[in-house]
Amino acid sequence: MKTLKVVAAIIVHEGKILATQRGYGEWKGGWEFPGGKIEPGETPEIALKREIEEELDLTVEVGELFDIVEYDYPEFHLSMKCFLCKIETGHLFLREHQAAKWLTKDLLNTLDWLPADEGLISKLSGNKGRF
């Protein structure tokens, strides 16, 4: 089975976390943490900064690694490094997503998350003091 190595940003701003809704592909309409594929020669941190600039028109500070998600979709295995991030500059502009929401930790479970992102929700909801 093919493995896709990706990164995801858990963007925290003013006590809320950014959720984005996919605007394309098989999983269109599902909610996710923004990010994307790691290109050859990129570190996960550089890939994440690039992806967030491309998708959301934001420059982020990539902080600590929050979790690594390993998930088997029917067609591929996903290995996703998830980092806590803060906005450095820019204004949110959706280039690939159809919607975005800023949510407090207790409201994260109100969305229909993509399967690989679901496991992060309980970890984020129960997290104390990291953001």
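1. Main nonpolar core. In this predicted model, the largest nonpolar core holds 26 residues. Those with the most contacts inside it are Ile10, Phe33, Leu78, Met80, Trp113, Leu120 and Leu124. Five elements each supply at least two residues of this core: β1 (3-13), β2 (16-22), β5 (58-72), β6 (77-90) and α2. β1 gives the most, with five residues.

2. Second core. A separate core of 13 residues is also present. Leu18, Ile52, Leu58 and Phe83 are among its members. In soluble globular proteins, nonpolar side chains tend to be buried together.

3. Leu120. Look at the contacts of this residue. Leaving out residues up to four places away in sequence, Leu120 touches Phe33, Phe66, Asp67, Val69, Met80 and Cys82.

4. Aromatic pairs. The structure has four of them. In one, the ring centres of Phe33 and Trp113 are 4.6 Å apart, with the planes at 25 degrees. Planes under 30 degrees apart count as stacked, so this pair is stacked.

5. Phe33 sits in the loop between β3 (31-32) and β4 (35-37). Trp113 sits in the loop between β7 (97-103) and α2 (115-125). The pair therefore ties together parts that are 80 residues apart in sequence.

6. Burial of the pair. Buried means under 20% relative accessible area. Phe33, at 3% relative accessibility, therefore counts as buried. Trp113, at 5%, counts as buried too.

7. Aromatic cluster. Ring pairs also link Trp27, Tyr71, Tyr73 and Phe76 into a cluster.

Note on methods: Residues numbered from 1 in each chain as written. Predicted model: local features only at pLDDT ≥ 70, side-chain atom pairs only at ≥ 80, totals over all residues. Heavy atoms only, no water. Phe/Tyr/Trp six-rings, centres within 6.5 Å; stacked < 30°, edge-to-face > 60°. Helix = DSSP H or I, 4+ residues; strand = E, 2+ residues; numbered from the N terminus. Buried < 20%, exposed > 50% of the residue type's maximum accessible area, 1.4 Å probe, protein only. Core = buried A, V, L, I, M, F, W, Y, C linked by side-chain atoms within 4.5 Å. Contact = heavy atoms within 4.5 Å.
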